[in-house]
Amino acid sequence: MDYDLNTILEKRHKLISKIMSDADNKKFYQTMNNLLIKKYFDNAYELTLTENILRVNVSDLSKKDIEKIIENFYNSVEDNTILKKRNLFELVKLSTLPQSKLKRYLTRYDCEKIGDYLDKVSRETTYISQDFLIVRIYQNFIIKNLIYKNNYNMLIKNLFRKICLFEYNKETHDNENTYLCWIDSVLSALMNREISIDKFVLILNRILNLTNHTIYLYWKILNTVAYLLLQKEFSANIVLRTYKNEIEKIINTKYMHVNITPDELQNLVLNTLSKPNCLKEDYYYLFDLITITAQSAPEHKLFCLTLCNYLLHTNKDRQIFNHRFIRKYFIDDIFSFIEPTDDIEVCGKEIQFLIRLFHTDSFFCFDRTNILNYIIIILKRLCLNNTNLNYNNFYKYCDILDYILVENPDLYIPNIAAYIGEGSSFIEQIEKHFILCKYKDI
């Protein structure tokens with residue numbers, strides 16, 4: 001008896017190992033990896049053409065370089081060319097220098113003069129992007145040089161007052177990462193009490209109205225507001241709660257009009273994974289579009305499951321799903337597109353994917369009960385809705401479930417065969433595949 005049970009355990013473990021190896025998708029994974037490498041090189045090339053002020057390395061600037069940047073800034077303000085040249089960007093780079101270096105090369109008089117000149121520039125700006133550059137400089141100087149905080153706080157409050165009221169031109173450049181940084185700047189201003197909650201909401205709406213953006217900018221705003229509602233001082237704020245509900249409704253409405261092809265979805269996966277600093281909002285947006293595409297047609301759902309398998313495959317190196325919110329959002333979306341109308345081929349792919357999820361550490365730790373429940377739900381549906389059940393499309397998954405239940409005693413379900421086969425004519429056949437569970441019952 002012991003020998004027979006050990007043999008059964010070994011055979012069923014091999015079934016799981018075969019699913020975990022995901023051999024059928026290896027060729028697709030290699031293609032995706034090659035495309036991803038190409039995307040990395042494309043991104044690196046774009047960064048050599050377009051300066052990214054968030055990542056540029058300025059730590060090697062000498063005293064002479066710093067003096068030159070400041071002198072050019074003053075001159076461009078004096079001759080009214082500041083908004084036609086890149087001197088404002090250069091000053092942003094300067095403001096990102098380490099605190100020790102700023103204090104070594106800039107006197108109090110220098111910082112106050114820079115503030116006064118930036119105040120002059122802000123009276124001439126016509127794009128909100130220009131004023132957010134100035135906000136960034138102010139905030140950097142406040143963080144790095146606390147001795148000048150009072151002066152800069154007054155300047156930043158004046159600038160946010162303008163941002164709330166001025167009729168800006170609509171932005172001409174589409175750089176959503178920049179817009180996300182603006183939201184962080186507005187959040188910082190609220191936390192530092194430089195703006196009120198009403199102005200916080202007003203400025204976020206102005207950003208939405210003045211920019212061309214995708215749905216995940218709304219996700220950034222939604223999660224920023226959700227973060228505030230977790231803070232004790234804002235948790236009961238009616239304005240924030242109302243705004244959160246409004247943004248959620250906008251997101252849901254926009255999703256109703258989304259139309260994306262499988263090729264576009266595949267490209268979005270590559271774009272998301274190739275980002276040097278991928279935000280959770282990027283993943284939320286990706287997962288939602290996978291769900292929408294999966295629900296559009298059975299063949300699309302199979303492709304989306306393959307993409308989800310690839311995300312699991314890349315997780316081994318990237319640890320994407322170690323992030324609690326990303327993991328929860330992903331698995332909730334997966335559960336949402338498992339439907340009673342799925343055909344037998346789709347159900348098989350769904351079960352295989354859930355088995356891979358179950359044996360992925362982060363999901364095993366936090367979601368294994370729900371994953372197991374969905375495996376059982378799919379098996380029960382297959383049993384009720386199909387007469388062409390065989391070992392490959394149904395009974396081997398009963399074998400695997402039998403193994404999982406016995407290997408995880410806390411998840412054990414008595415009479416599991418009767419539950420899965422309830423209402424069908426397959427109960428006796430199903431019971432033959434739950435030998436380990438039967439032995440445990442005895």
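Visitor: Is F321 buried or exposed?

Guide: Buried means under 20% relative accessible area, exposed over 50%, and partly exposed in between, with a 1.4 Å probe and protein chains only. F321 has 0% relative accessibility, so it counts as buried. F363 also has 0% and counts as buried.

Visitor: What should I know about the model itself?

Guide: It is a predicted model, where local features need pLDDT of at least 70, side-chain atom pairs count only at pLDDT 80 or more, and totals for chains, interfaces and linings use all residues. Residues are numbered from 1 along each chain as its sequence is written, and side-chain values use heavy atoms, leaving out hydrogens and water.

Visitor: How many aromatic pairs does the structure hold?

Guide: A pair of aromatic rings is described by the distance of the centres and the angle of the planes. Rings of Phe, Tyr and Trp (its six-membered ring) pair if their centres lie within 6.5 Å; planes under 30 degrees apart are stacked, over 60 edge-to-face, and the rest tilted. The structure holds 25 such pairs. One of them, F321 with F363, is tilted, at 5.2 Å centre to centre and 55° between the planes.

Visitor: Which pair is edge-to-face?

Guide: F330 and F353 are, with 6.2 Å between centres and 75° between planes. Both F330 and F353 are buried. Ring pairs also link Y283, F287, F321, F330, F353 and F363 into a cluster.

Visitor: What is C347 in contact with, beyond its neighbours within four places in sequence?

Guide: Contact means heavy atoms within 4.5 Å. C347 touches D342, I378 and L382 in this way. C347 and I378 are 31 residues apart in sequence, yet 6.6 Å apart in space, C-alpha to C-alpha.
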